[in-house]
Amino acid sequence: MLAHVVGAGKTFSMIAGAKEQLRVGLASKVAFVVPNHLTEQFGADCLVLYPSFKVMIASQKDFDRQNRQTFLSKIATGDIEAVVMGHSQFEKIMMSPDYQKQAIQNELDEIAFAIEDMREDKEGRSYTVKQMEKLRAGLSEQLKSLNDATKKDDLLTFEQLGINSLFVDEAHYYKNCAIFSKMRNVAGISNARAKKSSDMLMKCRYLSEIGGCVTFATGTPISNSMAETYVMQRYLQNDDLLDMDIRHFDEWAAQFGETVTTMEVAPEGNGYRPRTRFAKFYNMPELMTVFRKVADIRTSDMLDLKVPKVAGGKPTVVVCPPSQELLFFIKESIPRVQAIRDGNVKPTEDNMLKFTSDARKAGTDMRLIDPDCEYDLNGKVAQCVEKIFKHYTESAEDNGVQVIFSDFSAPNSSFNIPDELIFRLIERGIPSEQICTIWDTDNPIKREEMFEQLRNGDKRILIGSTQKCGAGTNIQKRLIALHHIDCPYRPSDIEQREGRILRQGNDYPEVYIYRYVTEKSFDSYLWQIVEQKQRFISQIMTSKSPSRTCEDVDEAVLSFAEVKAIASGDPRIKEKMEVDAELARMHTLQSGYKQQKYTLQDEIALRYPKAIETSKSHINLLEADIALAKENATEEFRMTIYGNSYAEREKAGELIRAVCAGVLGEDREFGSYGGFKLYASKKDMFDKTRVVIKGAGIHEAEVSEDNVGTVRRIENVVQGLAKALEYEKANLEQLNKSLSEAKEQFEQPFEYVERIEQLIKRRTELTCELDLNNKDELVSEDAPETNKPTEIKQPIPQRNMSPEMM
């Protein structure tokens, strides 16, 4: 997996990787699977990097039913090296019925095992078992359909195309792979079975079986929940999971995570409620060791990309006051949620999902709820228009471009944000021909023409959604500002959005990012969801070594927490969130302090004493070899090879290279020089050929392409023993100094103990004042089976963990 940060150049990495696979024989035919709107662009990039690349690019017409067989035949029989196709097109290429039957049967066996496990476990809920039985029935029906010969067609199957290497761009689109689990009502865990994800899993396992290659590429491999780590491992590391005796999600969760219950802002915005989430990692070093076997993680701090800086060091939060209509909506929402909670309204008529959607709309613009509401001069649209116009005029000389993201309101016949923005921007004085939306055209060629106009500055305003205007939209050249009208659910969506402007190739050294929030609205809850998800994602996508357990926020999350705090109406809620954030930072520091203590303890007791003894031994050996060299020193060059003495470096070097050319495996003694025995060494076919020089110690010199050069390298090793001794003595001195410093540092106490006590005390006071312990305020996001209170799940017990690993 190429888990490289957005904008790192994954496209070229995939193309170069595929070409290298073809060159060395790891692959004979490659398939690139990319977002539908990027097929033409990706194909063009293939030819930019390798003009002679035999690549076929799929069009939409190629996968029409009447054309599909012809296109698949061209893939199977054509003289091509690669084919580029869209995600939806790839899904239309079926596996053979026999392979599908076997895959579905394997899945049925997994479900049967999970159901049996649930029934034996006292925590297994009857509802969960029913859901699993329903899923099993659906798969059984699918298997029955495959056995119906009348429904089969004669299209070529995936196995018949000759593809043995697969590259999947934006692989996070395939995260909805069914997870069989006894857990219920835990965020991030779902039994939903997306067809495209199941199809991808089947093809990945087929390629693994035939010894093929599968490469995923995404800047956001963990986009929504930590369960996606397991999903990615199912795609790419299924054999490793089986070797670890992990057959389904609950066994993975028992090793690496547990559910935790935390207090969150209630959706109606008037208090807190407890919420169970699977959001805590255990045994992080072991998890990351396994995950990094397939994941090449590259973060921005590791790559040092030349991207523009954000003005002010972080996105600017634009706080909008609530309108009277919004305050009335919030007031009326409390009895509405109460009715949903108490079961006084049918789930088909009203539910928390519908309320959430309405609350999102209300926080963005009340006219999305009631088109008859008046235009709010202080609302998000109005303030966004002013910011856009400001940068439009200030960057007029450079034709600066701006992009506005709106995920929850697309152009339609009723009131919507894109059309309203266009109307207000034109009213403000921006020409309509300089404004465009991602919905203006679905034609890939015309859309690319629109992007080129944005890159040239002919168009200067683009309005779009994350889905359509995120991944693959390369318009960064003149981008000066980016505006978040709303907040998406996933942190990865924010990264994809901001990856459009914080990207290599932007002409501006400093850019502006705005996040618009409305006070006393649903916005604080939305940002909190993003914060919660970012906590564990940031622990996976890091260049730093992970701690053993991870649950606290880091700097990237605190930016989201700040937005959440600013958007809160109650000052005590804001203070509570500030206390929580600071306490989280203190706990992070305390965790780091403890980890450092363990490390120092190992260094003091083991590492430094062992390194000091090794260094002393090296010094003794070097001193003995220096004495040996002095004892056997001669004025003229003299080297013995197979009993014959040679005074000419050219001849000696020729013989040494001849001996070394035939060695493989065990070292072969062939002569001596200056009292030292000489051996030819090459451990395996991938190893470099060396001459091993043995005295009291062992030294090495690489064989040169030149005869005299090879001999000179052996002489330099012997003559350089005195300098090596100086270096080793300096190293011993540094080791003793480091040991002393480690002992001193080990005695240092943690400096924030008192501050943590103060924060815990203040948090307790705020919890009491805000009545956060009142569990009657529980809000369920799922329609209740009964009127019983929602149960808070207990943490998953850990297994197979030694005390040292906890």
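The second largest cavity in this predicted model is lined by His 172, Tyr 173, Thr 466, Gln 467, Gly 470, Ala 471, Arg 490, Ser 492, Asp 493 and Gln 496. The model is a predicted one, in which local features need pLDDT of at least 70 and side-chain atom pairs count only at pLDDT 80 or more, while totals for chains, interfaces and linings use all residues. Residues are numbered from 1 along each chain as its sequence is written, and side-chain values use heavy atoms, with hydrogens and water left out.

**Cavities**

- Two cavities of 30 Å³ or more are counted; a cavity is a set of points, on a 1 Å grid over the protein atoms alone, where a 1.4 Å probe fits but cannot get out, and its lining residues have an atom within 4 Å of a point.
- The volume of the second largest cavity is about 70 Å³, a volume being the space filled by probe spheres set on the points.
- The lining of the second largest cavity comprises two nonpolar, six polar and two charged residues (Ala, Val, Leu, Ile, Met, Phe, Trp, Tyr, Cys and Pro count as nonpolar, Asp, Glu, Lys and Arg as charged, and the others, Gly among them, as polar).

**Overall chain**

- The protein chain has 26 helices and 22 strands (DSSP runs, H or I of at least four residues for helices and E of at least two for strands, numbered from the N terminus).
- Of its 806 residues, 49% count as buried (buried is under 20% relative accessible area, exposed over 50%, and partly exposed in between, with a 1.4 Å probe and protein chains only).
- Among contacts between residues at least 6 apart in sequence, 73% join residues at least 24 apart (contact means heavy atoms within 4.5 Å).

**Packing of α1 and α2**

- Helix α1 (residues 10-24) and helix α2 (residues 39-49) have axes that come within 10 Å and cross at roughly 60 degrees (axes are lines fitted to C-alpha atoms, for helices over the stretch in contact, with angles from 0 to 180 degrees between N-to-C directions).
- The crossing of α1 and α2 is right-handed, the near helix being turned clockwise from the far one by less than a right angle.
- On the α1 side, the contact is made by Thr 11, Phe 12, Met 14, Ile 15 and Ala 16, and on the α2 side by Phe 42, Asp 45, Cys 46, Val 48 and Leu 49.
- By class, this contact has eight nonpolar, one polar and one charged residues.

**Buried threonines**

- Thr 39 is placed in helix α2 and counts as buried because its relative accessibility is 6%.
- Leaving aside neighbours within four places in sequence, Thr 39 is in contact with Val 34, Ile 57, Ala 58, Val 84, Met 85, Gly 86 and Gln 89.
- The C-alpha atoms of Thr 39 and Val 83 are separated by 9.9 Å, the two residues being 44 residues apart along the chain.
- Thr 473 lies in the loop between α18 and β15 (479-484), and its 0% relative accessibility makes it count as buried.
- With neighbours within four places in sequence left aside, Thr 473 is in contact with Phe 451, Lys 468 and Arg 500.

**Positive phi in loops**

- Glu 170, although not a glycine, has a positive phi of about 50 degrees.
- The loop between β5 (165-169) and α7 (195-209) holds Glu 170, which counts as buried at 7% relative accessibility.
- Asp 245, also not a glycine, has a positive phi of about 60 degrees.
- Asp 245 is in the loop between α9 (238-243) and α10 (249-256) and counts as partly exposed at 47% relative accessibility.

Technical notes. 1 Å grid on protein atoms, 1.4 Å probe; cavity = no way out; pocket = protein on both sides within 12 Å on 5 of 7 lines; lining within 4 Å.
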